[in-house]
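The sequence and structure come first.

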Amino acid sequence: MNLQQLRYSIAVAESGSITAAAKKLYMGQPNLSKSIKELEAEIGIRLFRRTARGVAPTPDGEKFLRYAQNVLTQMDILESTFEPQAVSGISLSIAVSGVGYAAHAFRRFLSHKSASVFHVQYREVERSCVFDDIASGFADIGIIRCPADDNESDIYMQRNRIVCKTLWDYTAMLLMDQAHPLADCADIDVEMLAEYPEIICNEPFISLAERRSSHRAAQSRIIISDRSILGDMLHNIHGSYLWSLPVRHDLPMPTNFVLRECKGAPRMRDLLIGRSSTFTDTENEFIAVLEKSLNALKP
């Protein structure tokens, strides 16, 4: 059980409809229904019953919702009472989803700092967690990768007053082992990928792009959270591939891997997000290193 589930249950009770609550929360109705069902399974009671007009709390649900509202109210009081205090030294918290060069920039940023005291954090999480970290103040800077036409993320950011800056807008390329059956193919079309497994790290962002497309790419997907095993997966799982960003031709590729263009590949964008368009000196220093690392990759 988590605070987000409590907020979801309150929203459903207030709306009297899961569909209406999903629209209010700017999320998909199936995802909201799944979250409520998981919460009911965890606490062992049924929260809502169906009615002619939508849903209504059960007797047990009404009792649970009163406690849930009290918990959320107390959390609001706690957060407003104990605001983050200034600390000495370098203070920076970063949340990242699917952007590999951000880790390189973070290492470079720290390696050039001479301060003796650090209060820094770097987290690789799913995109929704990055949004939550920024909205709650847990992270100072967020870096995400999403489809160029991902209106859901835009709506969420507007609703939570999250500001964003586009770092890069690009067409994804295929990263695959040089022994991949399509590695030597001169013209690759996205439909040719149907029989091969797609590897996705951290965030299944390609699936969102495909929902808005007329075609379906991979029928099989392997979703992992550990970026360090990507190379091993691509090399040992026959026919596997990964959507990657384009890089300069003169940059060395990892041994035994190739980068290929693909007709119909998704258009992506990397975004820098925060609670304000004004950053601290430390945050601006990191952003400068991040942009320098990115420019070194761009074709």
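## Contacts and overall make-up

Of the contacts in the protein with a separation of 6 or more, 73% are between residues 24 or more positions apart; contact means heavy atoms within 4.5 Å. The model is predicted: local features need pLDDT of at least 70, side-chain atom pairs count only at pLDDT 80 or more, and totals for chains, interfaces and linings use all residues. Residues are numbered from 1 along each chain as its sequence is written, and side-chain values use heavy atoms, with hydrogens and water left out.

The protein has 10 helices and 12 strands, taken as DSSP runs (H or I, at least four residues, for helices; E, at least two, for strands) and numbered from the N terminus. Of its 299 residues, 43% are buried. Here buried means under 20% relative accessible area, exposed over 50%, and partly exposed in between, with a 1.4 Å probe and protein chains only.

## Confidence

The average pLDDT (the predictor's confidence in each residue, from 0 to 100) is 85, and 90% of the residues score at least 70. Over residues 204-216 the pLDDT is below 50, although this stretch has 27 contacts in the model beyond near neighbours in sequence. Where pLDDT is low, the predicted coordinates should not be read in detail.

## Cysteines

The structure holds zero disulfides, a disulfide being a pair of cysteine sulfur atoms within 2.5 Å. For Cys164, the closest cysteine sulfur belongs to Cys146 and lies 8.3 Å away, too far for a bond. Cys164 is partly exposed, at 40% relative accessible area; Cys129 is also partly exposed, at 31%.

Helix α1 covers residues 3-15, and its 13 residues should span 18 Å at 1.5 Å a residue; the expected span is 1.5 Å times one less than the number of residues. The end C-alpha atoms are 18 Å apart, in agreement with that value. At the N-terminal end, Asn2 caps the helix, with a side-chain oxygen 3.1 Å from the backbone nitrogen of Gln4. After α1 comes Gly16, with a positive phi near 70°.

The buried residues of α1 include Gln5 and Tyr8. Both are in contact with Ser35, neighbours within four places in sequence being left aside. Ser35 sits in helix α3 (residues 29-43) and is buried, with a relative accessible area of 10%.

Technical notes:
A polar contact is a pair of N or O atoms within 3.5 Å; within protein, one must be able to donate a hydrogen and the other to accept it, and residues adjacent in sequence count only if both atoms are side-chain atoms.
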